[in-house]
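Here is a short report for a reader new to this structure. Look over the sequence and the coordinates before reading on.

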Amino acid sequence: MDVFDISEIFLYNDFNIFFVLLGLFVTAATSFAAYDYLKENKFWYYILNIFYILGFFMVITTQSWFVFIIGWEIVTVTTTFMIIWSDKKIARQYFLVQFTGSSILLYVILLAFSMGYKTIGVIDETWLQSLFIIGVGMKSGIFGLHFWLPPIHSKAPAPVSAVLSGWVVKLGFITLLKIIAGPNQFLVILGFLMIFLGGIKALLQTDLKVLLAYSTISQLGFIAVGIGSGSTYGIVGAIFHIVAHSLAKTNLFINSGFLEKEYKSRTIYDMNKIWKRKPVSALTVIISLLSLMGTFFLTGYHSKHFIKYAFKGIDYLKILLHGASILTILYSLRLAWWLWLKNIFGKNKKEGEIKKRNFSPGEYGYSAILFLSFALLFTGIVPNYIYSRFFVEDISFHFLDGFINYIVYFIIAISILWRLDWIKTKEKAAPELDDIFKKVNNFLYKISGKFLEYDTGVFFESYLYNSIYNISRGIYNFIYTDFQIQLLWIPTLLMLLYMWITFII
Amino acid sequence: MDINILLLVIIPLFTAFMIPLIDLIHKSIRKYFVFVSINVEAFIAIRIILNNFDKIKNSELFLDYHLGGWITPYGINLIMDPVALFFSTLITFSLYFIIVYSIGFIGHHEGKYYVLLFLIFAAMQGTILTGDLFNMYVFIELIAVTSSPLVAFKRDQNSTEAAIKYLIYSIIGGLFFFIGVIFIYFSVGTLNMAEAAANFGSIGFRMQLFIITTFLVSFLIKLGIFPFHFWLPKAHSACPSSISALLSGVLLKVYLYTFIRILWTVLDYNIIIDIGLDVFIIYISLFSSLLGHIFALQADDIKRMLAFSTIGHIGMITAAIALNTKAGFYGAMLHIIAHLLMKSGLFLGVGYLINYVSGHKIEDFTGIAYRHKGIFISIIVLSFGMIGIPPIIGFMSKWYILLGFLESQSYLGAALVIVGSLTAVIYYMRYIARAVQKVKVEPDLKNRGIFNKPIISTFYRERIVTAIIYLFTFLVVVTGVGFKMFDIPINSMIPELIDSQEYINHILGL
């Protein structure tokens with residue numbers, strides 16, 4: 001009935017092993033950071049971590065669709081349980097969203113399976129590739145299905161956010177790397193939409209974790225553009241960017257947890273002069289932000305450069321990519337200003353001086369963020385370490401091209417930010433998944449002209465569940481009337497069937 | 001002539017008739033007698049499997065028993081072929097666990113309960129093993145008659161209403177079955193299934209269609225497919241929990257067996273395909289499945305919610321069977337096993353937890369997880385299985401059913417299966433979240449120690465009940481990981497379903 005030869009289920013080639021090792025490194029870093037950050041249920045958290053590692057191991061190294069989807073469900077369930085101790089409502093919403101994604105993915109996988117693709121490999125039909133993009137989309141934050149990412153990644157506890165945003169969303173893109181071999185326009189369009197949407201929203205945020213969540217969407221757009229370009233340079237760029245973004249975003253989220261506990265608030269305006277209060281965090285945040293911006297000697301430089309080189313012939317896309325790079329530098333630099341540089345030569349010397357520290361990450365926490373930063377530096381300075389695993393050709397462009405581009409972007413970004421006074425927007429509440437459903441529901445009901453009373457008296461039920469409950473109760477009351485009418489269905493249907501076979505057949 | 005098949009039917013019948021006599025001796029011997037009897041039955045079922053093991057592996061199993069020694073067209077014969085073996089084993093073992101649970105769970109009117117339960121057991125085995133149409137009708141009516149008092153077991157208004165509704169629908173369903181049997185006898189002249197199958201092609205076309213339609217409506221009523229499902233939620237929620245598990249988990253599978261046996265072996269399914277009636281069956285089953293899941297969203301009572309979920313899943317299984325492809329049958333059979341284990345486990349577990357709560361509305365379900373954490377974790381695992389999360393068997397059966405739908409290019413069916421499991425997440429999570437909610441207990445209530453007592457007051461009964469629920473959870477996970485063990489039984493059934501000529505040859509040739 002399906003491919004189930006046990007010797008062929010797992011494939012250990014360079015590609016898979018590399019990503020498994022990267023995932024292990026990132027997950028180990030978050031586990032270390034969680035050691036002093038989480039106060040309770042640590043034992044179950046680490047057990048869940050082990051199963052999570054098993055899950056993504058199955059997703060990355062397997063060749064059989066069946067084991068693939070089992071692995072992904074294990075990842076979903078374990079990450080849900082990791083969130084559940086801090087906020088049950090977010091865990092419910094996260095599980096629902098991820099399960100929807102899994103269901104769509106299961107449908108598309110079985111569609112491919114029934115068409116003859118019995119193992120994970122390159123898929124030829126473009127429409128099937130697009131369906132896969134939609135299937136993976138809900139779990140990897142592709143545009144259109146990304147609405148859940150900012151509310152959930154910002155409300156989860158910091159090590160879990162790091163895991164979710166740093167690695168879980170990449171799994172979909174790793175799969176797309178195996179499936180898509182040629183250019184795919186759909187993915188490129190979606191990728192650009194993601195970059196600009198994420199970037200512009202990130203410019204306006206005041207909450208650190210929400211900003212990082214939108215930045216995740218933006219950077220995932222770069223990966224999508226790289227994969228969709230279809231050329232070797234694009235794919236190399238996508239792989240480099242997966243490495244760069246995993247390391248950088250994990251680092252940033254772990255540090256956001258430390259900073260939140262230290263300053264007791266999540267607004268970036270409250271965290272100032274972090275180099276005085278938390279020097280190690282400050283150093284690692286700067287390294288990660290520089291990598292996101294694409295500074296040379298860090299991995300982000302290589303990835304952005306490769307992706308730009310992939311579109312070397314197409315001018316309008318290159319202009320869009322220039323704009324995307326400027327946007328990334330804009331929001332990263334804004335974050336760096338508010339955290340690091342504001343009042344660095346300051347008038348107010350007292351600001352930022354403390355009597356005692358509120359929170360200390362402990363030796364495991366420090367080692368986690370330092371190792372991540374070191375890995376960023378290492379892969380940046382020695383890109384051949386990664387490049388030589390995948391390709392044997394030589395890199396045929398010059399490094400200094402990108403250098404000049406970078407300086408130009410930097411100058412443009414600083415001047416824009418200086419003009420706009422470093423974009424200090426008003427603080428607003430973190431986004432809620434409920435609000436989105438409320439807006440959709442109100443819109444639909446305004447169109448249909450109806451007005452329904454909503455039963456909000458029930459504790460623990462959110463807006464989505466209430467509206468679903470009311471709709472199904474409406475349908476139920478419509479069908480369930482008298483007992484006699486219920487019995488009447490039997491002779492009605494029987495007569496209809498008899499008349500059909502008598503007169504029509 | 002294998003007497004073991006006859007013993008499978010006779011032993012529960014004998015037990016049912018002996019229980020009143022045992023009651024005259026001493027009431028407490030009753031449960032030991034019941035336990036001995038189900039052990040003997042299980043032993044005979046295992047003996048049948050072990051004696052014919054190599055024949056089962058080569059899928060050549062065929063046992064029969066002629067009642068009274070009468071030869072084939074004139075007498076009733078009991079047949080065991082791979083399909084019957086599969087269903088009969090499932091029934092035997094699941095009823096074993098349900099009866100052990102009942103020993104611990106039922107506290108009053110046990111004599112009447114066990115008599116009725118064993119009569120149902122004998123009737124179910126009889127339905128599966130018989131080779132004669134009128135015999136099957138008798139057993140189906142016996143099931144209907146003996147399960148109605150069990151539905152009304154609690155003797156309050158709600159249960160009696162539910163039992164009357166259930167009885168009316170069952171009798172109407174049986175009536176249409178009877179009309180079909182009469183017309184087959186009228187046209188073909190015999191009541192033996194194999195003989196009727198051999199001569200079915202020689203009846204006039206209009207008469208064939210009439211018989212097929214009548215049987216079809218009878219099965220739709222019995223299975224609880226959309227326009228005829230109104231009895232199901234009430235009946236499955238008003239009875240004590242072990243009976244809910246029996247009706248919802250096990251009995252519907254017996255009706256699925258009759259559905260397969262009559263429409264594929266006796267009548268010719270190719271006629272149904274030719275006139276396009278199979279499209280009707282598939283679409284009405286899928287619509288019923290969708291409605292079952294939607295109605296479960298608004299159910300305020302946990303047992304009603306589980307009953308609506310049953311409607312959803314049985315619709316899915318019927319649609320997968322009606323596709324008439326290999327992959328469809330495979331998925332449907334695997335889902336029969338999965339749904340039986342999971343739904344029985346859920347009903348038994350929930351029944352235990354809500355035993356001494358005043359009702360089973362959702363308001364009473366608040367905070368119930370803390371009454372017994374182990375059982376609640378089992379309920380969570382079983383709910384995950386119903387949703388379709390690996391490594392529980394619900395996921396594997398969902399995979400194969402989806403594969404069955406997509407291979408025959410019924411994209412709507414596959415989409416409805418996906419939508420069904422998504423809505424299942426919503427309605428199961430609603431109850432689980434409600435149960436985990438912490439409840440404020442007044443201090444003086446807490447001091448009275450009510451919440452520290454076990455739910456069932458007798459020690460060994462509590463142990464039996466919790467052990468059975470844990471056993472179901474264990475089975476669900478073990479069969480999920482080792483789902484390939486069902487490969488041989490299911491694959492041996494499929495050639496026989498698609499082509500019924502072998503069945504006819506085996507019986508008439510003898």
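Which element of chain B has the lowest mean pLDDT, and which the highest? Helix α19 of chain B (residues 443-447) has the lowest, at 56, and helix α6 of chain B (residues 133-151) has the highest, at 94. Here pLDDT is the predictor's confidence in each residue, from 0 to 100. Helices (H or I, at least four residues) and strands (E, at least two) are DSSP runs, numbered from the N terminus.

This is a predicted model, in which local features need pLDDT of at least 70 and side-chain atom pairs count only at pLDDT 80 or more, while totals for chains, interfaces and linings use all residues. Residues are numbered from 1 along each chain as its sequence is written, and chains are lettered from A and ligands numbered from 1 in the order in which they are written.

**Confidence**

The predictor gives the complex an ipTM of 0.89 and a pTM of 0.89. The chain values are tabulated here.

| Chain | Average pLDDT | Residues scoring at least 70 |
|---|---|---|
| Chain A | 80 | 86% |
| Chain B | 88 | 95% |

In chain A, residues 449-460 have a pLDDT below 50. That stretch has 11 contacts in the model beyond near neighbours in sequence. Two residues are in contact if their C-beta atoms, placed from the backbone, lie within 7 Å. Where pLDDT is low, the predicted coordinates should not be read in detail.

**Chain A and the interface**

Chain A has 20 helices and 0 strands. Of its 505 residues, 45% count as buried. Buried means that 20 or more other C-beta atoms lie within 10 Å of the residue's own; exposed means 12 or fewer, and partly exposed is in between, with C-beta atoms placed from the backbone. A:D434 sits in helix α18 of chain A (residues 433-448). A:D434 counts as partly exposed because it has 15 C-beta neighbours inside 10 Å.

The contact between the chains takes 34 residues from chain A and 32 residues from chain B. On the chain A side, α3 (65-83), α4 (88-114), α19 (463-479) and α20 (483-504) each supply at least two residues. The largest share, 11 residues, comes from α4(A). By class, the chain A side has 26 nonpolar, 5 polar and 3 charged residues. Ala, Val, Leu, Ile, Met, Phe, Trp, Tyr, Cys and Pro count as nonpolar, Asp, Glu, Lys and Arg as charged, and the others, Gly among them, as polar.

**Inside chain B**

Helices α14 (residues 302-322) and α15 (residues 326-353) of chain B have axes that come within 9 Å and cross at roughly 170°. So α14(B) is roughly antiparallel to α15(B), a term for angles over 145 degrees. Their contact includes B:H313 of α14(B) and B:H335 of α15(B). It has 11 nonpolar, 6 polar and 2 charged residues.

The largest nonpolar core has 333 residues. Such a core is a set of buried Ala, Val, Leu, Ile, Met, Phe, Trp, Tyr and Cys residues joined through C-beta atoms within 7 Å. Helix α15(B) gives the most to this core, with 18 residues. B:V151 and B:L402 have the most contacts inside it. Leaving aside neighbours within four places in sequence, B:V151 touches residues including B:Y166 and B:I243.

B:S289 lies in helix α13 of chain B (residues 277-297). B:S289 counts as buried because it has 26 C-beta neighbours inside 10 Å. Among the residues that B:S289 touches, not counting those up to four places away in sequence, are B:G312, B:M316 and B:L416.

Key:
Axes fitted to C-alpha atoms, helices over the stretch in contact; angles between N-to-C directions. Parallel < 35°, antiparallel > 145°, perpendicular 65-115°, else oblique.
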